[in-house]
Every structure is written in structure tokens, then in C-alpha cells.
Amino acid sequence: MSKPSLGVCYYPEHWPEDQWKDHAAQMVAAGLTWVRIGEFAWSRIEPAPDRFNWGWLDHAIDTLSHAGLKIVMSTPTATPPRWMIAKHPDMIAVDKGGQPRNFGSRRHYCFSHEGYKKESARIAKILGQRYGKNPDIQAWQIDNEYGCHDTSLSYSTNAETAFRIWLIKKYATIESLNAAWGNVFWSMEYTDFNDIALPNLTVTEPNPAHVMDFRRFSSDQIIAFNRVQCDVLRDHTQAPLIHNYMGRITEFDHFKLGADLEIASWDSYPLGFLEDRSDQDEAFKTEFARQGDPDFQAFHHDIYRAVGTKAWWIMEQQPGPVNWAPYNPAPLPGMVRLWTWEAMAHGAEVVSYFRWKQAPFAQEQMHAALKRPDGQDAAVMDEVKQVAKELDTLQGQKTQNSRVAIVFDYASAWAWETQPQSKDFDYFRLVFDFYRGLRRAGLSVDILPPSTDDFGERSLIFIPGLFSWNAKLETAISKFEGDVVIGPRSGSKTQDFQISEKLPPGLEQLNMKVVAVESLRPGNEIPLKQGGAFRIWNEFIESSETVSEQTVDGHIAITNKENIHYLAGWPDDTAMSRILKRLAVKINLETICLPRGIRCRDWGDTRLYINYNNTPAFVQGHTLPPADILLIHKDGSVIIGPKEMATQ
Amino acid sequence: MSKPSLGVCYYPEHWPEDQWKDHAAQMVAAGLTWVRIGEFAWSRIEPAPDRFNWGWLDHAIDTLSHAGLKIVMSTPTATPPRWMIAKHPDMIAVDKGGQPRNFGSRRHYCFSHEGYKKESARIAKILGQRYGKNPDIQAWQIDNEYGCHDTSLSYSTNAETAFRIWLIKKYATIESLNAAWGNVFWSMEYTDFNDIALPNLTVTEPNPAHVMDFRRFSSDQIIAFNRVQCDVLRDHTQAPLIHNYMGRITEFDHFKLGADLEIASWDSYPLGFLEDRSDQDEAFKTEFARQGDPDFQAFHHDIYRAVGTKAWWIMEQQPGPVNWAPYNPAPLPGMVRLWTWEAMAHGAEVVSYFRWKQAPFAQEQMHAALKRPDGQDAAVMDEVKQVAKELDTLQGQKTQNSRVAIVFDYASAWAWETQPQSKDFDYFRLVFDFYRGLRRAGLSVDILPPSTDDFGERSLIFIPGLFSWNAKLETAISKFEGDVVIGPRSGSKTQDFQISEKLPPGLEQLNMKVVAVESLRPGNEIPLKQGGAFRIWNEFIESSETVSEQTVDGHIAITNKENIHYLAGWPDDTAMSRILKRLAVKINLETICLPRGIRCRDWGDTRLYINYNNTPAFVQGHTLPPADILLIHKDGSVIIGPKEMATQ
Amino acid sequence: MSKPSLGVCYYPEHWPEDQWKDHAAQMVAAGLTWVRIGEFAWSRIEPAPDRFNWGWLDHAIDTLSHAGLKIVMSTPTATPPRWMIAKHPDMIAVDKGGQPRNFGSRRHYCFSHEGYKKESARIAKILGQRYGKNPDIQAWQIDNEYGCHDTSLSYSTNAETAFRIWLIKKYATIESLNAAWGNVFWSMEYTDFNDIALPNLTVTEPNPAHVMDFRRFSSDQIIAFNRVQCDVLRDHTQAPLIHNYMGRITEFDHFKLGADLEIASWDSYPLGFLEDRSDQDEAFKTEFARQGDPDFQAFHHDIYRAVGTKAWWIMEQQPGPVNWAPYNPAPLPGMVRLWTWEAMAHGAEVVSYFRWKQAPFAQEQMHAALKRPDGQDAAVMDEVKQVAKELDTLQGQKTQNSRVAIVFDYASAWAWETQPQSKDFDYFRLVFDFYRGLRRAGLSVDILPPSTDDFGERSLIFIPGLFSWNAKLETAISKFEGDVVIGPRSGSKTQDFQISEKLPPGLEQLNMKVVAVESLRPGNEIPLKQGGAFRIWNEFIESSETVSEQTVDGHIAITNKENIHYLAGWPDDTAMSRILKRLAVKINLETICLPRGIRCRDWGDTRLYINYNNTPAFVQGHTLPPADILLIHKDGSVIIGPKEMATQ
């Protein structure tokens, strides 16, 4: 992997052609090397069916490449033009309540519409034919932000038909389906696949097995939709294929979709996501309103590093206030630089800012950019330029595997959304709690897909909340010599969404059973003898193995057989830190107790410290101002540090 | 009435036939004598229209009865199979927003669909013909949990048509309807019954008289639906007929429906109901999360004792965590035994646990049972066995009428839901506040229907929030020599949902008028001179009678003419206790001030004390551990008490 | 303008004819001189299409006028009878979710239905022909409460068709529309006006320019609907035309609609509005539950004084508890008198109470009136009679222009509802915050429409949150010698809902730019150096003008060039008071610091003090009891004061 570099998202079609050359020159001057274009430009490329307008796009590509920029070209399939809806009126998705999701914004299509899938392949092919061999186009983005705006699930007639076909393929006979779903319950038995509807608009909750298959199907439909474009583009280009994922979208299996692409990228909006999709309370949101959650970005960096088969990027980096969160404050000065360095320390090959110049019109006119609507530099431009210069100080650090890893499984997110058993139980939140606990202890962490069959040289693996085992993961555990922490709720279902007759967790290595579970309201936490408590989720265990921790009332909290541990509840922050530290000591893993809001990341022979606070902190003998970074070598030498660094 | 006994709900169709015999033997060994089967088994009984499969059911009945169990057979009409919907696509109910409530869970039918009503009669008849004379089937349950999942009201075309017919029957002429509803208001006058729609999807609130008639109609439709099955079954069996009602469902008149049956039963889920349908605040819910509201169960026991014409049962008793509440904790050890004894002390003939063995599949796989999915006893089994043994200590106590009673009127619930006049006004909550106040004072209470025409030997009657008088209740009051407390809001409407020209409460005995009313936000309570306050609701009174209490600002709070009292507001806890005590003293009714969470119930010559706290309490000279009971004779001798009973 | 007078709303059709004469005599005896009738009586006037029933209405008019009352006749178009819907089934409006808004209450029509508009003209014409020359009918009300029950916007097919026509008229070519809306964004470009749908049911937010045009169109449709009736009535009567507006309804341009009428009236429900449509917190609502918000009524009085071309009235004054708010308490005794006097001091020509006698039936049966349902006086009648007598003490005070004014712009309300950029940003709330600040300082305030081209003799003008400039207002500013305070957010868009390339605020006089904006969550306020803070909204400014205030962190908070000030944020209460005081000192405007809950209003040579508290206050040397008024001459003499006035 080469030295990381910077990029920007650009919409030439939004600006007069006579500005393009200046824009390109300014991009280069700012130290940017990549520019992404084209992902919403369908109506300009093909203003009417089969009538194409290439002049402007040819010119834009020429202008940008001539300035020395590398181009990411995109397929515009997230925004089919109005004429497409006229051509395929039923391509519109349908929401859970049965209402259509009409033209007028974006992502107005159902993944199960075969006609639209063909149109997507057609436009990808035409673009590939025209630009696939262009050497300045060094990557291709397919579509934009799958799943954004709650678009993963559609309850259309097309989806229903496709779901039935998917079920026939999976089950072959209706008897198999009835048995797998347990349809004898409530007389839900079917006699024909064509009688099966989508699991919405039922009187009370539908069968979780029914929902789970619909969730799997919906994920598969997105993967299939994406694959069609991959296949077409590969016929025409050697450049790597990319999709830009989002934060905390779990409705499709990113690992499976990512397997069809070379590069995983994501759109990182730390402040928007803090307001919009965080479990933290109001006090936390107020404290970090201008900085973002100190762990949210890193967690996604580590997820997408695992999703990308060859590399991972930030495709869209928040550069200032966004327009879509409940509150849209400006980042603390320094945060855009901090976010950029943080991403690179997690292995990002490119960090690309969204967007070059603030659009004065339409939905995102209040979204900040590197350039103001009047063409002047926004305040953030100085931070971008600073990073561009600082890149020269890099010493070729490479991202290495961490000693600690967490298994993250999209299907488990679907399972526990289908059957939370508590309004507070959320799979992402559970895994993120483990991640946060490890980060607070100064550890770098890898995320692993559930299809991992070898944990490698790692020392400590966490598998919280895993819906159901698969053979590969069982293999990985059985041959692993490090420590594995399993649970709560892991292995609690068969693939058919049933409770195994042997009871969970169903792991051969551990002679134990989860005999009962319960969910806890705030205030009903279960204290542990050694400190901290279980919250949200608690399990009752019978075990023949070692009891390593107990609750205050004498139930088993953790049981283990040598290196394999089962955790019988959801630890609160105190318990999490304590348990992690105990395990770390066991395996000689060095941990540190980082000050609030301070995080670090190991990067080759260096370590990056970042200050997410709006106050200074004392780190490694240095005073680290708010929103500032410290890149320090193992030998203690500072590579990048605060301008006026005070050593205390 | 014979000695109370225990039962269980069982689904033989969920388990391999070779397990049935063991199951039956274990039921008997645990001390259970009743088993309910069949209520969701339609797709197994009739897998396709008119194609029947009796073998398994014959075998199940044989197996259970052979083990010595008495069987409750059920009609499976709460879960019509998928083929039924194909046959009658318009049998699906429609929600208030106009959306269909489709197949995929249960209760997917509209009570107004005549075709489905005929199908229900058909299956009841076929079952009655086959099993009606079977001596081991000693009771029949019709359908399951009417009204559950908000299914009492349907806004379908079938309901609209039926409603028009109902209106024609009631009003005969459209002029009568217009006059009764006051349709001159806002030009709502109709010229034809066929122009009247259901009262949903209006621009702003519909006419309350329109809504009230729709609510009466909807209740009548459920009663009619049930009656058809009663009539059919009575042709074939002598066994008593049962329905299993729910907690805090007020959408249909249980007294009227219950009049068609011998036994009223209800499904008691103390922890689920506390989370799901309680007006109490979060602190209360946290305190009682593992025990349930100390008054909720008793209140329903007393309601259903009044609903049952010959007996009342618990048909489904929560045995552990359920799957459907926002939080699903495990009961405190001892609570299942406590709930069982509490029900029996209120006169339950049978307490039947839900369910025998936890289903590993479908919607209720997270619902605990007496048996775990692996076939082992769940922890609760010991409590069940303990109760079964303790039953031998009973001395034939009989349930007697209490000296205190409250009138509970389903129509009033509809009325004040239609016209709450405050977001905090709720009829159930109002009546339950009176009930709770009486229970805190150690009193046993009877619930009376509004059709009561004789209060019997009782001493004190409460009639809070009664929508409208009827002749029977007026008769009961006029001939009663005990004290009656009426109001707030009682008698405030005519049966046509109009304010009487004479103003409320419209009771001949009392020369007084409610001249104005108001609803109060929290913080605007009206203090009473003698202590406590009115909250939520306050009335301004003109009275020629005695003023027995005043508000601090000098308005009438209570007025009475001898034994008839009118209460001009909703008392808070302090006022409620004080007022009840004052009345009790007046009539020489002994009250006690029970510790928080402790309740008692008189049962023949014995009294049952129960501890709903998670801490011990000191009761009658005994230390009562959490979740424990004390059954004590009038003479002070302990019949059942804590194992290690400490006398202080 | 003559001396103000009192009136009442009356529904003769609700009462037996033999009561009318008594009612009329009692109205006169109470001191009322106006009576409004007819606005919901369509089904009685025309019980079937083209079949009329005039007898009762002729008789009612005769009875009322014979008693000496002046009549406001109304068109009944807010309540089309059931037969009208049969005739025009598609006249029903459609809500944002796509559901019809059916018959069964009121306002069940879509403003874009041409058939219903013709019917409205027809009934107005017929009424005008019959009663237009009747000298006792001295005013005409058209329809009732436009926009009430969220009826301004309809998403019907009729609205869609009309919107397309409106767009064609505005843009002529689809290219113009695409450019104005910026439809190149997200490929939203249209090729045909007929492809444009209404902006609901989109996947994510629609284009704000699309929404803004729909909002303008929707306002225009209401104005057009109203104008048709105006035109018809003017052919038949010389009497002034009135509409009765509501509180805090901003969905249509009241200034534009009001230009077609002589009299603006509004329906003032201080307690209902406090509960139902206030931004204040629960503590404030509890404190003022029986009095209303001390500024809400005055603000609307001042708005509607500006809306009325010749006069303004209160058409419906709350007389007691209403039936439609979440809580419906009784007003503190004295408040109805206070509200009446307050309205008159703001220039109300008539204050008319709603309603004469409480209806015993239908939707508003719980709405208090001057008469109880039993025909006796409600307690409030004494207050009405007192006011009627006190009117004699008036000395012909006239309403004069205030030295301070605020520009209020309905289009800005639509704009920021379309694009709030913060869940707390609301245009009404912003303007009302300025208004409240001025009132707390003892100032009387005028409201000005955005079409003002001359600020007259005023000294201080506020223009907060103005969406976009227009030529008239720019003229008014340029020729004004007083001080103008602009911002925050003023002039931030072009009329096409785009950000100007020159950046906001786009005012030639000020050499400054808003270079960035942000919205703030509670807890992230921006403190100002001189005290107080910005909340909700903050702007980053570049200015060549004087910096008159800074934030604590050194950004520009206020910049000004002589008399023109730009305010870069939303001041909290402390900052608002301080800034207003500083400006007042600059221009020699006397301010006072009123006690909490006390307000005053200058009225000719007198000043009215009012006490909105439920406790006494010390004002101008007098103790003012709760809910009482003090009308005092400039020379210090008391015209109307508390009965037992204590001077301290």
C-alpha cells in the first residue's frame, strides 16, 4: 500500500463549465489527488431514454485529469431520472406501512425490480464502454450509500414475488419451510409458496423466522443488484470497484457485498452520526457535539478495513456542519484534520472530503464544503492543506493485525432487531460497547466477519451476541490458542431461528447451558461480586466448567474452560473495563487507562493519540490541546505534535 | 365449589407424539389436574377446506385423559388457517388508519364478517360433534383472548355495513339518529343510513355520539360472534363454556359476553402487564419489575369473579419471563406461588399455567414455561409442586361477598376514551385508583356490573366515573341503606352522549348540580381543606345538601344527603385514603394501614397476606419474606406460612 | 373608530325557537351588541341540493335584530353537508400520508376542488341575495378558521393538477423551473410539468424549492377560495367582510388574504393555545395554566391589527374551559375580563365571546359558554357584564402606531419549516422571542407585513429570520432613519430558495457576509462577551462594518453600519433584554423592567397594566391582584382599577 492521500467529491454538473479548470487547479493546490464524480448525474448523462449527452462529462474528465487528478467515476443508479419512473412505474419501493416511496429525492427504487436492475446494468455498461479504459479513471464507485434513508427493505409486489422465489430456492418444499419456521404455531402453516406474503401489516408480530428470511432475502437482493453492475464494469475496466457505505447501517451484509468489490469506502459524518444514530444520552451528545463520538469513527474504520478485500477509503469526510441531523453544529477547529489522521492510522488509503463547493440549491444547500458558495475557501481548507503537508512526514507505516478482535455479524443485527426481547437490546450497541471498552484500555482492535475460520496470531477474540454458529467460526475457535469470550446471547439460535434442543450456547467445547434469560429495565441491573453489573440482558447458566465470576446473588456471571469463556450478561462500563483488564493480564496484553476522550491507535512502529475533548489533556508527557493529534514513534520521538507542545 | 386445583396449557401438536405420554405423566406428578388444548390447532385439524385430520387429536386426548387429566378443549377460531383467507379475502380486519391487518400472526379476522362467523360455527359444530360427549373433556374454551392486539375495533367495509344495520335497528329513522347525535352541529345531518361511515379518518374528532355507537356496536359484534359458537356447542355438550379474557382490555362488555358462558377466565401476566399497560411511573415499575403491581391481579380477579356466571379461573398464569413486554425480567422466586395463592383466595377454581413446555420456534419461543426447551424442569416447577401440596391444607374456604364494592362499567371506558377532556383521564385508571385505595386499607372488594339492581348486604358502594345511569342501578341506589359514593363525572351524560338539560349527576336523591368541570395538568392539583387534593379532574358544584368536604379555596369537594355522597374530583392517594377511612369509620368498617407492597384478602374464615415487595415485611406478628405468603385463620393460627417464620 | 363593543357567537339552530327571544333579550341585558350566526348551518339552510329552508333563519334574524342586536352573518362553507360529498366525492382533502380526510367533523374539503369552490360561491350568492341588503346584518364572516385542523395543505389529485397549473403560470418553461429549483441535484430534472408530483411520500426530504412552491401555492389556493366568496358577496352587500383567523396558524399568508377583507378577526383561546401550541416548558405551562401566556394574545392582536384593512376584532373569545386542549382548566376568575380589556387596548373594535350557551351535544359539548346547558348564567357572565359597564368609562382612546415594530412574514415560516436545519428552529418562535423581549421591557409593538415600504415615524424595527428580501422592504430600510436590527438568518435565500452567490444577508447597506451557520443543541449555547448567549442558531460573520458585540470566543455577534445592525444568532432571554435595552438607550426609548407576568400596553393617553400572574403584583404604586387590570392615564389618574386598591 502506498502512502495515504486525499481526495474530494465534485459535481461538475452543478457549476458553470468555465469554473471547472480553476476548481481543478485549486484542488491540486490544496494537496488533493483524487476526485470523485458522476454518482448523481444520470439526468445529465441521459436526459431522455437512450438520448445521451457526453460532451460535458468528457470535458469534465479531461479538465480534472489534465490538472493531474485521479478520478473516481460513479454509476448514477442511486438517482434514476424521472423518465425512468415513467418507464417502470412499479420500480418504486413500498414502505412497511404499504405506502409508495416516490420520486422527488433519491434512492427511489426497489432492489427487487428486475426492469430497473437491467437499466442499472445498461447505464453501467454504457459508462464502462465509454470510460473503462481511460487511464485517469482509477476507480469506479457503484451506486451510492446502499441502505441510506431506510431503503434496504421494500414491501413491494416485486419484492414479494422475488421473496417467494428465494424461499423456493432455499426450502424446495413447503413442508420444509413450515418445519423450519415452526408454522404449526398459531396455525400459520402454508400449503403453497405463493400464499406467503411479506411480513408487514400483520395483526401482531409475525413469525421471527419469516422475518429473518425476509431480512436475509433483502440483503441478498442488494448484493445481487450490486453484482450485476460489478459484472458489467469488469468487462470494461481494470480499475478497482468501490462502494461507499454508511455509518451504522446494518440492513445488508457488508462483508458479502464487499467480497464483490476491491475497495470498501464509507461516508464518515462524525457530528451528524452522533446526533442521528447514537445510543448515548443527551449529556454525552452535548459534550461531544462538535467532535463526534470518540469511538464511532474508529469502529467503522475497523469494520470497513475488514470489508474491503484490497483496501479501504473514506469516500466522504464531513468538513463542517451537515444539513440532515437534528442539530448541525460546526466541528471544533482541528477536528477535520483529526478525523483524517485517525482514518489513516486505521489504514485508510484515501480520505476524500464531501464536497468541494457548497451547493447553493436543493436538498444539501446547508451542507458545508471545502469551498463556500461564494467560491472562497471555507475555514476548514487550512486543515486540509495542513494534513496534505503533514503526509510528507509519514514513514511508510503499515496497518498490522491487532492482538484483539471482535466478530461482527450483520445477520445477528437482523436477528435481534427481529426479536430484541427488550426495547434496549440492540446488536450494534452490544458490539460497540465491547469495542469502546477495548479502546478505553488503549487497545487497537480488528473486526472480523462471522465467516472467519482462523483468528491468526491474535490473542483475544470477542464474540458477543452472535445469533447462530457457522462451521467456519466453530473451526476458528476450535483451533485457536488465544482466549475467546463468547456471549451474551451467542449461539442462542439455530439457523432456522429456533432454540436448539440442547439449549444455547451450543458450543462443544463448553459443557454448559443457558437455561433461562431475562431483559432488565434501567434500575434493575444485576451487580457482580467483583464490581460492576450486568444491564439490559442477563442469563441463567448451568455449567460444569470453572465459574470465574458470579453475580452478587450467587449466579454464574462468567464460566470458562481454559481459554474459552462464556459471559452471561451485558456488562456495564465498570464491569466491562474490569473484565477486559483481567483477561488482558492473563494474556500479557498491555493496557492503559486513557483519560476521557483520549484515544490511541497503533500504526506500524508509531502510535497516534487523538484528543476528542474540547479541553486539553495530558498524554505521554505532552499536553494535547483539544481536537489535536500526537503521532509518536515507539522510541518516543514525536513525528507530528501540537504546535506549541508543552511538556509538563 | 370444590377445592381449587391447578392446570396447564398444552400444545401436543408442537411436540413429537412419542413425548406426549411422558408429558402427561409429568403433569400429573407435578400435581396438575387440568390441561387445556387445541385453541390454535386449526391448520392441523383441518389442513385444507373440509379435509380433516383427527388422528393426532384423538390420540392426544386419549393420552392426556388416560393419565388422569381433565381436558379443556378449545375452538381454534383465533387462528384461521391461510386457506381461510384465500376463501374469504375480505374477512381481514382494517385498522383505524385504513390499513388491512393481514395473515401472518393471529386474530386476523373482522368480527363483522358473516362468512367467517359461519366458518367459526362450522368448526365449533364439528368439534362439538366429535368430542362434546367425551367425559374427559370437562370444559370448552371458545376462541382466545378476544380484543388482544387491539382487535376489538375494525374499520372494514363489512363493519361499516353491519354498523348501518345496527343503527337502523336502534334508531329506526334517520331523524331519530340525527336528534340523538345532535347532528345539527357542524351540519353533520344525514338523510340516509347508508351515508353514515365509520368514525375514522375524519378531519378532526368525530361526533362522540357517533363514536359511542360504534363502540357499542363493536362490543355487540364480539358478543354475537361468541354467541354463535356457544349456541352450537350447547347442542353437543353439557360441559361448561369458558373464554379466557385479558388484563386491562375494556373494548367490549365482558359482563354481557360472560352472561353467555359458565366460566370466566383470564390470562394473568403480572410482569408483562406492569411493563405494558400500567399508568404507574418508572420508579414504581422498577420497584415491582419482578413482582407485578400489587393490585392489578386482584382487581382483575374481582372483575372476573363478577363476570363468571358460575365460576372463574386463571386460564394462563405467567410462569417466568414473557416475550412481549418492553422489558421481560424473571419473576422473583416465590412469585408464581404467590400469584397462584392470591388468585385462589379471590375465588379462582382453577389456576392454569401457560405453558407446559417452552416452544423452541415461532413468536413465543422466548416465553418461559414449566418445562425448558430441553425438556428439563424450569426453576418454577418447584413452586408449582409446592402449591399442589399446600392445597391439601385448605379447609374448604368459600368466597363471600365483601362489604365494599365498586361498580365497573365497560361503556364508561368507551365514553371517556371517546371524550377524555384531558390526556390523563382514563376510566380504568380512575376505578383502579379507588380499588387500590381500598386495598391499601386492607379491605376485600367486590366488583359489580352496572346492571346491578341490588347491592345486597354490602355497606359501602363506589360509583366513580359512570358515563350514564340505567334504571337498575338507580333502583339499587334507591333501596340501599349503606353508603354510596358517586362521582366524579358520574351520570354526566344521557345515553345519547348528551349533557342532560338538568345538568349532572342527575340523581333524584341528591339536590345538586355539576355546573362546570375542568381538567388539571400535573402541578395544578386542587388542595382539600382536610388534606390531600384533587388531581386530573375537578368539578364545580351547586348543592342544597350537606357540604361534607371543601377545597382550600372554598368550593364543594364532597356533598351528601345522608348515605349518598357526591365526590367532585379525582382524589390523589392522600385524599383517597383519608376519605375512605372517614367513610369506614362512619359505617364501622375495620380498616388497617398495610405496609407498602403488602396486601391481604379475606377468604372464608381465613385471611391471606402476600408480600409483593422484594424486601421482607412485618405482618401480623410475623416476618414475611419477599414474594411469600401467610394464610392465617381468624383465630390467629397459621395455615400456610414462611418456612423459617420469625416472630418478632 | 367608535367605542369598542361586545358580542357573542350564537347558533339558533341548536335551540328550540321558543327560546330565541329570551336569549336575545338576555344578550342585550348583558351588554352585548353583536351576535354572529350561521357559520355551520348549511344542512339547515339547504337540507338537500337546491332545496332551501329559510323560515327558521329569517325568524332568527328577525328575533335578534328586533332585540336590538347587530348581526354578523356567515357563509357555512367550513361544513359542507353530507350530500355535497355525495355530489363531489373527490372534494375531500388528502393528508400527507396519502389518506383521505373524510366527512364526519368539519373542514372536509380541498381548497383546490373547483366544483366545491363553485358550490361555495353559489351558497354565498344565495345568502347574499337574501340577506345582503338587510340593515341589521352589519358584517359578513366568510367560512370559519381557515387552516384549522391542519387543513391548509392537501395532497389530493385536484391539488396536484392545480399545482402544475400554478407552476406553469410561474415558470412558463420546465427549464426555468429546473434551474430555479436546482434540479440538476440528484437528477431531479423534469421534462414536463405533468411529471411533477406533490412533495409528499418521497424517500427522503424533497427539494426545498419544490416544497416552498407547494407552500406558496397552498396559501394562494386558500386566498383564491376566499376571494370567490368576497366577490360574490360584494355584489350584494355593503357590509364589511370578515374572516376569523386562529392562533399560531402560519400556513397561509394572512396579510394577502386579509387584503380582500375589511376586518380581520381572530379566535382567542388563551388557555387552549398555551397547552396546545406553545414552545414553553412544563413549568411555565403549569404556572400560567389558568391565565394563558402573557404575550401570546397580544402578539396575535398586533398581527391581526396589521392584517385588518379597516379594523380588527376578536370573533371568538374563550369564556371558560375549552374541550380540545390536552388539559382544559377553568380560567382564573377575572381573566375573561382581563383578556377583553387587553384586546381593546390593542385596538379591537369588537370582542365577541364563544359561545352564548353551552351545547349539550356533539363535539363541543364540553366547551364552556356564557350560559350553562341548563340555561343559567355561567360564572363568567358577571365578568362580561362588568366589562360592558366599564366600557362607559372609556375616553375615546385611539390605537396609535408604536415606536417599535417587528416584520412578520408568513413565507419565512414556510421556508424554515421546510428547511429548519435544527429541530428547534421555528420562525414563529423566533419572532415571538423578540416580541416577548420587547413586551417585558414595557414596550408596545406593531407588527408589519414584509410588503411594508415605509416604516413611518417609528424608531426601531426588527427583521429576524426573514427568508428573502423583496423590493418594498429594501426600500423601507433604505429610507429609514431609525434603527433596524436584521437577522439571524435574514435574507439568507433568494426567492428561488437558493443561497445567493454573494452570500447572505445580501443587503447593500452592509458590507458583510454570513460565511457559515450552525445550529446548537441545548447545552451548547454560545456566550456573548457582554452577557447572555446565542442559542439554537449561530452564524459566522465577515464584516467590514463596526463590530458592536462579540462572542466570548471572539466571533462577531453584532455588526452595524450606523443605524443598520446585523445580529448573528438567536439571543437567549438575557441577551435579548440586554441588547434591546442598549438599542433603546441609543434612541431615547423609555423602557421599564416589568415584574414577571405583568404587561402593559399604551392606548392613546392611557396605559393598560395587566396581571397575568396568579399572585398579586405591585405596579405603578398600586397592588394589582391576580387576573386584574389597571387602566391609568398619563397624568397618573386611575380610570379602571382594582376594587380594593391598596397603595403601598
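Where chain C meets chain A, the contact (heavy atoms within 4.5 Å) draws 48 residues from chain C and 50 residues from chain A. This is a predicted model, in which local features need pLDDT of at least 70 and side-chain atom pairs count only at pLDDT 80 or more, while totals for chains, interfaces and linings use all residues. Residues are numbered from 1 along each chain as its sequence is written, chains are lettered from A in the order in which they are written, and side-chain values use heavy atoms, with hydrogens and water left out.

The area buried between chain C and chain A, that is, the accessible area (1.4 Å probe) lost on putting the two together, summed over both, is about 4300 Å², and carbon and sulfur atoms give 52% of this area. On the side of chain C, the residues that lose the most area to chain A are W186(C), V203(C) and R521(C), which together account for 20% of what that side buries.

R521(C) also forms a salt bridge with E282(A), with the closest N and O atoms 2.8 Å apart; a salt bridge here is a side-chain nitrogen of Lys or Arg within 4 Å of a carboxyl oxygen of Asp or Glu. Across the interface of chain C and chain A, 7 salt bridges are found.

Turning to the strands (DSSP runs of E, at least two residues), β15 (512–519) and β17 (533–543) of chain C each supply at least two residues of the side that touches chain A, and the largest share of that side, 5 residues, comes from β15(C).

Key: Helices (H or I, at least four residues) and strands (E, at least two) are DSSP runs, numbered from the N terminus.
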